[in-house]
Amino acid sequence: MRAATTSRAGFTLVEVLTVVVVLSILAAAVAPGIGSMRSRSADAAAEVVRGSLRSARAMAGASGVPTGVEIDVVLDRAQIVVVDGGDVVPAPGVLGTAQPPVWVSADFVGASILSVTPSDGSSPTAGVIWFGFDGAPQARDAEGVLLGGDPVESLIELTGGREIRVDPVTGRIR
């Protein structure tokens, strides 16, 4: 007569609990870093948008052409633009090609543009923050036509309570 053989299929309770404990320890070690990563990502996004504003201000001063940063909350995008022959177009970059936009949520995980108040005080979802040849903010309409009156303080709000402000008199970006 043959002896009965036993086959072992599956895992014991001790093996399963060991794996659960190890995975729990790993998750606890990684979780704080995720929040920190999102915070750093939002900080970086704010700094890149600030850099776009500074570049637009410097370009306006160097070229004498009204230059701004078009902020679109719906597309989550910041694009340096200029007035060219009555049209608002992307600013020329290296070798005459258009400068690429900053796609905030695509380029910075967990970051996004929440609202914008352009220098003409218009829409909270889209607008251009304009600078003149002297680096001072200007109130212009969507076609880049200079409006009468003084510009208001421009404000861009991003995730995590980050704000970018442009002083309406000096053009200082903070």
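Is Leu95 buried or exposed? In this predicted model, in which local features require pLDDT of at least 70, side-chain atom pairs count only at pLDDT 80 or more, and totals for chains, interfaces and linings use all residues, Leu95 counts as exposed, at 82% relative accessibility. Residues are numbered from 1 along each chain as its sequence is written, and side-chain values use heavy atoms, with hydrogens and water left out. Exposed denotes over 50% relative accessible area, buried under 20%, and partly exposed the range in between (1.4 Å probe, protein chains only).

Leu95 is located in the loop between strand E3 (87-90) and strand E4 (102-103); strands (E, at least two residues) and helices (H or I, at least four) are DSSP runs numbered from the N terminus. The phi angle of Leu95 is near 60°, a positive value in a residue other than glycine. A phi near 60°, again positive in a non-glycine residue, is found at Asp76. Asp76 belongs to the loop between E1 and strand E2 (77-84), and with 7% relative accessibility it counts as buried.

Side chains of opposite charge can pair when their charged atoms come close. Seven salt bridges are present in the structure, a salt bridge being a side-chain nitrogen of Lys or Arg within 4 Å of a carboxyl oxygen of Asp or Glu. One of these joins Arg54 to Glu47, with 3.2 Å between the closest N and O atoms. Both partners are partly exposed: Arg54 has a relative accessible area of 38%, and Glu47 one of 42%. Another salt bridge connects Glu70 with Arg77 at 3.4 Å, N to O. Here Glu70 is partly exposed at 26% relative accessibility, whereas Arg77 is buried, at 12%.

A network of salt bridges links Glu153, Glu163, Arg165 and Arg174. Within this group, Glu163 pairs with Arg165, the closest N and O atoms lying 2.9 Å apart. Glu163 is partly exposed, with a relative accessible area of 33%, and Arg165 is likewise partly exposed, at 24%.

The largest pocket contains about 170 Å³ of space. Of its 14 lining residues, those closest to the centre are Ala126, Gly127, Val128, Asp141 and Ala142. On a 1 Å grid over the protein atoms alone, a pocket is an open set of points where a 1.4 Å probe fits, with protein on both sides within 12 Å along at least five of seven lines, and lining residues have an atom within 4 Å of a point. Grid points are joined across faces, edges and corners, and the volume is the space filled by probe spheres set on the points. Strands E1 (67-72) and E6 (126-131) each contribute at least two residues to the lining, with E6 providing the largest share, four residues. By class, the lining comprises six nonpolar, two polar and six charged residues; Ala, Val, Leu, Ile, Met, Phe, Trp, Tyr, Cys and Pro count as nonpolar, Asp, Glu, Lys and Arg as charged, and the others, Gly among them, as polar.

A nonpolar surface patch is formed by Val19, Val22, Leu23 and Leu26, which together have about 360 Å² of accessible area. Patches consist of residues with over 30% relative accessible area and no salt bridge, nonpolar side chains (Val, Leu, Ile, Met, Phe, Trp, Tyr) being joined within 5 Å and like charges within 9 Å. Accessible areas come from the Shrake-Rupley method with a 1.4 Å probe, only the protein chains shown counting as cover for residues. Val22 lies in helix H1 (residues 13-63) and is partly exposed, at 45% relative accessibility.
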